[in-house]
Amino acid sequence: MSDRLLKLTLQVWRQKGPNEPGHFERYTCDTVSEHMSFLEMLDVVNEGLLVQGKDPIAFDHDCREGICGACGMVINGVAHGPRAATTTCQLHMRHFKDGDQIVIEPWRASAFPVWKDLVVDRSAFDRIIQAGGYVSVRTGSAPDANETAVPKTDAELALDAASCIGCGACVAACPNASASLFTAAKVAHLGLLPQGQAERQQRVLQMVAQMDAEGFGHCTNHNECEAVCPKQISVRFIARMNRDFLRALLTADEPSRLRRKPA
Ligand code: SF4
Ligand code: FES
């Protein structure tokens, strides 16, 4: 396979730590193969910086297969870059042209403080999950679980919701930095299943309360979240979460309503 080499100019956000001011730095690279992934391109730039004794660009990644959600960054103003339904690690350099200038920034949201360069602290998402993203019923082993019939449409919808990888692109793209799409996906994937019914009310109340406590904004239906979501989670899940939330608020017993208040 022949290699087309690209010469690129990068403008990369550099920031030493959460309380340090950040700035853009310019790098040029002329050894980028079109077959590289975006992260491999950054690896090449970092090797060059290391040879020069400079601090490499910090960026988050783990699986590099589009399944862990670690690798998010804003590329030319778009969370995860120009390809729909594609995580940054699955974005390939053949989608860029020789001579392109690429601006690379971290997620921008006060609930996701920058740790360093392109790495942000997404632990707010972990705390939303801890607030209610679990079931406490015993579901048994796989054969036992298979004995609980789930309507096909519910199972498929639950799987769609469960495909959320917690990357945070929805927050980064939203003008309100709302985490509604992420939270709605997590509320729905358990709330659609029989095993998730016992805690359904408590789950939505507590997860929405935690989302608010973390400082995420409210959803005002811009739908930017759905547009950038690499797993194409539908905003319909937000409507489902809002319905569940209202129903829970109106019908929950007093202890559940009280538990809604974040610690
Ligand atoms: S809803 Fe989509 S964009 Fe938001 S965290 Fe989940 S996978 Fe990422
Ligand atoms: S590194 Fe895991 S989704 Fe990109």
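Helix α2 passes helix α6 in a right-handed crossing. I start there, with one caution: this is a predicted model.

Let me stay with that pair. Two packed helices are described by the angle between their axes and the distance between the axes. For α2, residues 123-132, and α6, the angle is about 30° and the axes are 11 Å apart. The cut-off for roughly parallel is under 35 degrees. So α2 counts as roughly parallel to α6.

Which residues meet? From α2, they are Phe 125, Ile 128, Ile 129 and Gly 132. From α6, they are Phe 182, Thr 183, Lys 186 and Leu 190. By class, the contact of α2 with α6 has five nonpolar residues, two polar and one charged.

Next, α6 and α7. Helix α6 covers residues 180-191, and helix α7 covers residues 200-213. Their axes come within 10 Å and cross at roughly 165°. That makes α6 roughly antiparallel to α7. The crossing of this pair is right-handed.

Here is the contact list. α6 brings Ser 180, Thr 183, Lys 186, Val 187, Leu 190 and Gly 191. α7 brings Arg 200, Arg 203, Val 204, Met 207 and Met 211. The class count for α6 with α7 is five nonpolar, three polar and three charged. Look at Thr 183, Lys 186 and Leu 190 of α6. They meet α7, and they also meet α2.

One more partner for α6: helix α4, residues 152-162. These two pack at about 145°, with axes 8 Å apart. What is the hand of the crossing as α4 passes α6? It is left-handed. α4 makes the contact with Ala 158, Ala 161 and Ala 162. α6 answers with Ala 185, Ala 188 and His 189. That divides into five nonpolar, one polar and no charged residues.

Now the sheet. Strands of a sheet pair through backbone hydrogen bonds, either parallel or antiparallel.

Going through the pairings, take β1 and β5. β1 spans residues 5-14 and β5 spans residues 101-105. They run parallel, joined by four bridges. Gln 11 stands opposite Val 103 of β5.

Then β3, residues 74-75. It pairs with β5 in the antiparallel sense, over two bridges. Ile 75 stands opposite Ile 104 of β5. On to β3 and β4: two bridges again, antiparallel. Val 74 has Ala 79 in β4 as its bridge partner.

Last topic, charges. Side chains of opposite charge can pair when their charged atoms come close. How many salt bridges does the structure hold? It holds 13. One example is Asp 55 with Arg 14, where the closest N and O atoms are 3.8 Å apart. Asp 55 lies in the loop between α1, residues 38-51, and β3, while Arg 14 lies in strand β1. The pair therefore ties together parts that are 41 residues apart in sequence.

To recap: α6 packs with α2, with α7 and with α4.

Key:
Residues numbered from 1 in each chain as written. Chains lettered and ligands numbered in written order. Predicted model: local features only at pLDDT ≥ 70, side-chain atom pairs only at ≥ 80, totals over all residues. Heavy atoms only, no water. Axes fitted to C-alpha atoms, helices over the stretch in contact; angles between N-to-C directions. Parallel < 35°, antiparallel > 145°, perpendicular 65-115°, else oblique. Left-handed = near helix turned anticlockwise from the far one by under 90°. Contact = heavy atoms within 4.5 Å. Nonpolar A, V, L, I, M, F, W, Y, C, P; charged D, E, K, R; others polar. Pairing = 2+ DSSP bridges. Salt bridge = Lys/Arg side-chain N within 4 Å of Asp/Glu carboxyl O.
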